[in-house]
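My entries follow the structure below.

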Amino acid sequence: MTDLKHILLVEDNPNDVELTLEALTEHHVTNRVDVARDGVEALQYLRCEGPFANRLPGHPALVLLDLKLPKVDGLQVLEEIKSNPQFRAIPVIMLTSSREESDLVRSYNLGVNAYVVKPVDFHQFMEAVRKIGAFWAVLNEPCPEGGAA
């Protein structure tokens, strides 16, 4: 059996972190989920720097990225991921409360794989996260690390 790759959740709202983790667990997405609380931590995580210097190597199967983050916002993190050949093939899902057309357009122009607006309703939120996790972390066949992106 292949080891499951981890998921990187980049979210500064503790309630949304808890709900996302609960939704993934409840729906049997068994990938380990690592959490970065701001854009700086997300980039440090990907680069194995700072507090993440000793993390297990390898890219996440998926990055769930909030748009509105402290220090470095989600669009800047997305731009760094998609402009860096080392990270470009990592699927990035913008999971945000923003419905602004400019955020949506900019995200897709920067190469986001999907843009999901967080539902306000608890059950709809749980279902959205379940579907994201099931597809991107379980069903999707990722590009092999080191492969051309």
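**Entry 1: the cap.** I looked at the start of helix H3 and found that Asp73 caps its N-terminal end. A side-chain oxygen of Asp73 lies 3.0 Å from the backbone nitrogen of Leu75. I count a polar contact as a pair of N or O atoms within 3.5 Å; within protein, one must be able to donate a hydrogen and the other to accept it, and residues adjacent in sequence count only if both atoms are side-chain atoms.

**Entry 2: ground rules.** This is a predicted model, where local features need pLDDT of at least 70, side-chain atom pairs count only at pLDDT 80 or more, and totals for chains, interfaces and linings use all residues. I number residues from 1 along each chain as its sequence is written, and side-chain values use heavy atoms, with hydrogens and water left out. Helices (H or I, at least four residues) and strands (E, at least two) are DSSP runs, numbered from the N terminus.

**Entry 3: the face of H3.** Which residues of H3 (residues 74-83) are buried? I noted Gly74, Leu75, Val77, Leu78, Ile81 and Lys82. Buried means under 20% relative accessible area, exposed over 50%, and partly exposed in between (1.4 Å probe, protein chains only). Seen down the axis of H3, the buried residues fall within an arc of 155°, so they line one face of the helix. The arc is that of the directions from the helix axis to the C-beta atoms. Their cover includes helix H2 (39-47), strand E3 (62-65), E4 and H4.

**Entry 4: Asp103.** I moved on to helix H4, where Asp103 is found. Is Asp103 buried or exposed? Asp103 counts as buried, at 8% relative accessibility. Leaving aside neighbours within four places in sequence, Asp103 is in contact (heavy atoms within 4.5 Å) with Leu67, Lys68, Leu75, Ser98 and Tyr115. Asp103 and Tyr115 are twelve residues apart in sequence and 9.5 Å apart in space, C-alpha to C-alpha.

**Entry 5: the strand pair.** Strands E4 (residues 92-96) and E5 (residues 114-117) run parallel and are joined by four bridges. Two strands pair if DSSP finds at least two bridges between them.

**Entry 6: the whole chain.** I read five helices and five strands in the protein. Along the sequence, the pattern is β-α-β-α-β-α-β-α-β-α. Of the 149 residues, 46% are buried.
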